[in-house]
Amino acid sequence: MVEVKTDSLLKKLSVPLLAVLFGFLVGAIVMLVFGYNPIDAYSHMIIDVFANPYSIGEALTQATLLVFTGLAFDIANKAGFFNIGLSGQFLIGWLSTIIFALQFPDLPRIALVPLSLIAGTLGGALYAGIAGFLRAYFGTSEVIVTIMLNHTILQISNYLTNFVIGTSSRTEKVSENASLSLEWLTEVTNYSRLNIGFFIAIVAVVVYWFFMKYTTTGFEIKAVGLNPDASRYAGMSDKKNIILSMLISGGLAGLGGAINGLGTFGNLFVLGALPNEGFNGIAVALLGLGNPIGIVLSAFLFGVLNTGASFMSSRAGVPDEMAVIVTASIVFFVGAYYLVEWIFEKIGYRRAQGPHSTETEGGTEQ
Amino acid sequence: MATSDVVVEMRNIVKQFGEFKANDDINLEVRKGEVHALLGENGAGKSTLMNVLTGLLEPTKGEIRINGEPTVIDSPDKADSLGIGMVHQHFMLIDKFSVAENIMLGNEEHKMGVIDADTTAKGILELSERYGLKVDPYAKVENISVGQQQRVEILKALYGGADILILDEPTAVLTPQEIDELMNIIRALADEGKAIILITHKLDEIKQAADRCTVIRRGKGIGTVDVADTSQQELADMMVGRSVSFTVEKGPAHPKEVILSVDHLVVQDVRGLNAVNDLSFQVRQGEILGIAGVDGNGQSELIQAITGLRNVEEGSVKINGKDVTNRTPRKITESGLSHIPEDRQKFGLVLDLNLEENLALQSYYHKPLSDNGILKYDAFANNAERLIEEYDVRTQSQKDPARSLSGGNQQKLIIAREVDRDPDLLIAAQPIRGLDVGAIEFIHKRLIEQRDNNKAVLLMSFELDEIMDVSDRIAVMYGGKIVDIVDAEKTSETELGLLMAGVSREEIERQKKEKQLEEVGNNG
Amino acid sequence: MSVIGILQLLVTSSLMYSAPLIFTAIAGAFSERSGVVNIGLEGIMVMGAFSSAIFNIMFFDTFGNSTPWIAMVFGGIVGLLFSLLHAIATINLRADHVVSGTALNLLAPGLSVFLVRVIYGRAQTGPLKRSFGITSFPILKDIPVIGKIFFTSVTPLGYLGILTGILGWFVLFKTPFGLRLRAVGEHPVAAESVGINVYMYKYAGVLISGFLGGVGGAIQAQAIVNEFGVLTVSGQGFMAMAAMIFGKWNPIGVTFAAIFFGFAQSLSRVGHYIPIIQNVPTIYLQILPYVLTIIILVAFLGKSESPKALGKPYIKSK
Amino acid sequence: ACGNGGGTDEGTDNGAAPEEGGDEDQFTIAMVTDTGGVDDRSFNQSAWEGMQEWAEENDLADDTVRYYQSDTESDYVPNLNNATNDDHDVIYGIGFLLEDPIATIAEQNPDRMYGIVDSAVDMDNVVSLNFNDHENSFLAGMAAALTTETNKVGFIGGIEGPIIDRFQTGFTEGVAYIDDSIDVDIQYANSFSDTAAGQQIAAAMYSNGADVIFHASGAVGNGVFQEARNRMEDGSDTDLWVIGVDLDQEAEGEWADGNVTLASTVKKVGQAIKLSANAAKEGDFQGGENISYGFAEDGIDFTRGFIEDDAWEQIEEAREEITNGDREVKEFTYTEVEDAE
Ligand SMILES: Nc1ncnc2c1ncn2[C@@H]1O[C@H](COP(=O)(O)OP(=O)(O)OP(=O)(O)O)[C@@H](O)[C@H]1O
Ligand SMILES: Nc1ncnc2c1ncn2[C@@H]1O[C@H](COP(=O)(O)OP(=O)(O)OP(=O)(O)O)[C@@H](O)[C@H]1O
Ligand SMILES: [Mg+2]
Ligand SMILES: [Mg+2]
């Protein structure tokens, strides 16, 4: 028994690890083809980030946000939804938080910070809840609804920022009392924007892990996602779980947006496109293989690559899009896990059931 | 018989999935014009052997000869061109396509690249005329009955010009009348010179239609016998490897309080038509009420309505005197109901969850499996260990996903979970569909055990044998109504068959009298 | 503006905006009908836009005024090659379709902008040499009223899109190829059992999707944006995916859905010139296309039935 | 390329006076782009070209100037920080979107020198560089009014706000100065990047009878040019024109038989940066000042393009007056709006 377990754990880990390795390899090949020095580029992209407390802080700031959107994608995914609306939920979280914080600038910090974050969380939750509700009661595709909601909130947020809660394409900064920054954290990281959100993210990961693994509700969400009919038969409410998982998903994305608003920027401005954190959250969740720890690690990797990209371009002269090529390749190889399995098979591991095999397997009959 | 008559010869076939040998050195020889039965328990390797023959699977070892020629069948296309057609255990039909489209798929008639549905339809009608397989070529498969789908499958094989026809458990979903029809068709096809391989668990069908029978047990060939010289008991013993008892042993029922009471129930089907129409009945403690009927007469809707999976339009359902009409499945379950659903993969199991989790699916939310919303995985494991042992579920590990189990074992898993909750009312819908005798024996024993423990059991099945052997009373459904409820001891297969066809009791009585009169007249 | 003027404006403007969407949405339908989820449409469009832009600039001297059309085909071919990654990953390597599609969506902007930087030393290509223009159809344009509204100063690409929709429908629903492709997306095991090469048809679905998606991107770059940069496609691939579901995976339905998006979008931009909605605050017009889509979906269309085996890896056991 | 030591040992260098910041006493400057990027064919590009010229004119090595590319809004602060750590002497933030980030960084590094373009940061170590876009737009308005044959012209703005309002008011004033019966159709794309919006709005404007459109909308303008070219190629009855913004956009207007770019308002961001960098190099850093560059300061320009002779004469005249201070173009400010309410 135990042996089988370690075998599969090793295998489980080997997928993302090899994916990361292959991803960097692809990047290196592209660089070689176009006459860049991959070793130089990678050393700037990675080592420079760690050589400087400021950039470590920035990488962690980004990772913090990605943890939220990554978890958000994951819970919807487990419940059987493709929440492509993370960006919109992230944005509405940001928007609601800023509105709240601007509305009550004089509340004491101990109240203003949590209340503003709650405003953002609720904003995201309710917004995603629309998609969940429509799916539960009308069977409307959550993919279309969330795509549409993404575009809608981008317009609304820009409009409000321009004409209602702000002028000249941005809002005022929120008051000191709404700030998420921690003096010692800022100091340790040489004025990076790393903030309390980092600790909130750690708490969120632990709570999320516990929730999904050990609570009956988490069990229900998983079961509904895998087989809604059987779950209904077993007395679980598919409607309730659909809506609940979208509320949680949107709430997590919204909280990410709120932390971005209060922690990273302190205000809101007109955006040309939807925030990247939403789409990157999908990649983070996928690379994390739906495991909270995996999500933390992949969020950190993404944070480092994003932060390091600018060093790579300014110090090694390699266009910073290289970082995107590497992350995209990593995600690709995570998807193509069978390649890894195939390699294992070649080097003599016993074949085990793949994580995604399904009933359409040819010729298999129950 | 001359060897030239042998059309299919499979020699020393071995098929290995990983370490596991699904077929372990099997020999099979089928002759022109014979119906050759293939018999074996669930998971014995019958479908695998046939998938090898039809090119869906590649044998690990062994040789196949078709019409005496050694042949490598490496694709269904190849099998097709050799005249081998197969009707699969799980229908290979596309719901959203029309009958004609399903039949032509892979062999499309086309005029300048445009599908020619009418020519195909004509061909289909010709074939169906010839073999008595009536279908509407333009109907969508999702809108026709399972029996008709079966015909479509056979037509598909015939349309492709099959001379060697494999039928994998074709009767599992048919009504007695349909089974009779099918057996006649099979005989007719054989008489025409086609070779038929018939996979089934039902010994009476083998006796009825087959010439010879090859028995497989746990992947190994046990032998081939002439059906005429072998008794059902002998066949069964060969298959299971021990002596099995057929007759369901049960004492008389002692019905007590009413547990389930259904009153003037109206339920609609997916299309919004009344599938259950003003129907009433009761089930008492200590009895098994069987629901007989031809598929599509509202049985499934009735059960879904009782269990809360489908909305009740009118009327009421009471369990233990409590009104549970239109309550959530959970509320209904909690008032003392267990349900073995008709479609085990759709409703009964979450195939990607492991055995422990599937066994906890109905009771995860209360003690001991959880406490205040927190799951107890130790309890999950203990629960599973106990049930797997007690219900003889065959698996490598209880941490494996339910998907990895064979059909029979999946069913046992559900039964373990549902019976173990010790319900006041157990509803079993088609509990033995596709299972072998060993498993059937086991499941029927459990149902009767429940009854003897003073519980109420509602059994729905399309198989008359099962209904008659297991039930105490039999309610016959026709057109969304219960036409009659009869005593299982006193009724006959003929009577039930007539009721199922919608013939009223009065009519039956009248016919009976006439017959008696006739007999009297003849005698006199 | 006259009523005819307004109608003409709405028609031309809707057709222009919807042209890339039509192609890309049909692209999605082909892939998903064969059972392969394609959220990578956005990335495929990006590659099509990128390659057509480069081609346009490099080969204008060779091909002159027909450059955009040839570049469009080139964009389609690059889209097809790019979608090959998705095909290999999902069909052979059993990748989760969403994961692979996400990888394409990430990879395309990274790779294309990287290459633009390598070639031009900056992040945008700059203006193209020759864009698709608009045309007035001879003869048709002289039909009273209709000619003015539908056939004067309008993009031929919109009509090409509609034709492609009809052709796509024909191929999917009237030919043996289409029947097999759909069979593979509904029930691959059944298809395999009648001798259909499931992998081959899935490849066909994905590659056709790649080609059409690339064409959609090429149109976006050459008819609307007139250059290539990271924002050239921004979200159109996702809109196309929405149109695909909206149109229920039927190329004709999908075409209508795309035109509807184009129309609603135009309304928000030219609404100021239409008397009845003139005074509606811009923000309402801006969110109109999106909100209206949701409302229509909920009110009239209900549950979309996707191909049954959509997104499930098919593993041929041997 | 990483000759200036990287930011790792920032602690040791930081205390030094700004003038001694760079290695080997090399005086270096850097800019952080907004999300448009360094090649936005607008003010980022103009700024970067100016910086390169500056290096050349001062016979300095290429690596004395550098840009930091911002792909998203989140990159502004880290880029400014990296530039600060890389020890450049003056660091410019390009575009009003960098106002807050510059303020943040300038506050954290009071000893260092910063500049902001197109906005104002009132701090002693920040110089604010602004442009009298209204003066330029006034000439654009004149050009439009003098060219139109339909007595209808259009203005397409990116996002409403003080910066673009300056263009809008300048333009309408210029039109009215020539002929106040001319209709000015004003629309906003609510974006600086949505090309399709530009195209559709331009289509509506042209359909509605306008024949000259001035756009102050960044990449949205690509769509405006596209629509004008399409219509000309399809054989438009009237000549259609676009007036470009920020850079000479003549290339964008080329079509088979002509060019739709009537003229362009040019914002010489590079020039402003050159002047400011030179001042800083000489030790006269203009920290705390908000410098407006107009025609008088040679900070803006208006191209002739395809403007007819007599029209150009009138425009030249007005430019002269503005340069001399004889004519003042009203500048739009939000205080006015507030007063009016
Ligand atoms: N593709 C496969 N991979 C691994 N194991 C398989 C596969 N197909 C079948 N098996 C296993 O091989 C054994 C034989 O399966 P098969 O389907 O042939 O049984 P069967 O005799 O048809 O049973 P049933 O009566 O339940 O249909 C089973 O244990 C099954 O789990
Ligand atoms: N005349 C045609 N025009 C366009 N496409 C065609 C034409 N004939 C065949 N095709 C295409 O080629 C594919 C293969 O056609 P065909 O029906 O000949 O193959 P097949 O069915 O495998 O062979 P068989 O008819 O021997 O069973 C079809 O799916 C169809 O799409
Ligand atoms: Mg079988
Ligand atoms: Mg054929």
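Student: Is A:E58 buried or exposed?

Tutor: This is a predicted model, in which local features need pLDDT of at least 70, side-chain atom pairs count only at pLDDT 80 or more, and totals for chains, interfaces and linings use all residues. Residues are numbered from 1 along each chain as its sequence is written, chains are lettered from A and ligands numbered from 1 in the order in which they are written, and side-chain values use heavy atoms, with hydrogens and water left out. Buried means under 20% relative accessible area, exposed over 50%, and partly exposed in between, with a 1.4 Å probe and protein chains only. The relative accessibility of A:E58 is 3%, so A:E58 counts as buried.

Student: With which residue does A:E58 form a salt bridge?

Tutor: A salt bridge is a side-chain nitrogen of Lys or Arg within 4 Å of a carboxyl oxygen of Asp or Glu. For A:E58 the closest N and O atoms of the pair are 2.9 Å apart, and the partner is A:R193.

Student: How many residues apart in sequence are the parts that this pair ties together?

Tutor: Helices (H or I, at least four residues) and strands (E, at least two) are DSSP runs, numbered from the N terminus. A:E58 is in helix α3 (residues 53-78) of chain A, and A:R193 lies in the loop between α7 (183-188) and α8 (197-214) of chain A, so the parts are tied together across 135 residues.
A:R193 also counts as buried, and its relative accessibility is 10%.

Student: How many salt bridges does a search of the whole structure find over all chains?

Tutor: Some of the salt bridges are linked in a network, which joins A:D48, A:R315, D:R66 and D:D86. Over all chains, the search gives a count of 56.

Student: Which side chains meet in a salt bridge between chain C and chain A?

Tutor: Contact, meaning heavy atoms within 4.5 Å, takes 49 residues from chain C and 50 residues from chain A. The count between these two chains is one salt bridge. At 2.9 Å, N to O, the side chains that meet are A:E321 and C:R117.

Student: Which element gives the most to the side of chain C that touches chain A?

Tutor: The elements that give two or more residues to this side are α3 (67-92), α4 (97-120), α8 (188-193), α10 (236-246) and α12 (282-301) of chain C. With 15 residues, the one that gives the most is α4(C).

Student: Why is the site of ligand 2 shared between chains?

Tutor: A residue is near a molecule or strand if one of its heavy atoms lies within 4 Å of it. The residues that surround ligand 2 include B:N107, B:G113, C:P176 and C:R180. A polar side-chain atom of C:R180 lies 2.5 Å from an oxygen atom of ligand 2. The site is shared because the residues around ligand 2 come from chains B and C.

Student: How many residues of helix α7 of chain C are buried?

Tutor: Helix α7 of chain C (residues 176-186) is mostly covered. Its buried residues include C:P176, C:G178 and C:L179.

Conventions:
A polar contact is a pair of N or O atoms within 3.5 Å; within protein, one must be able to donate a hydrogen and the other to accept it, and residues adjacent in sequence count only if both atoms are side-chain atoms.
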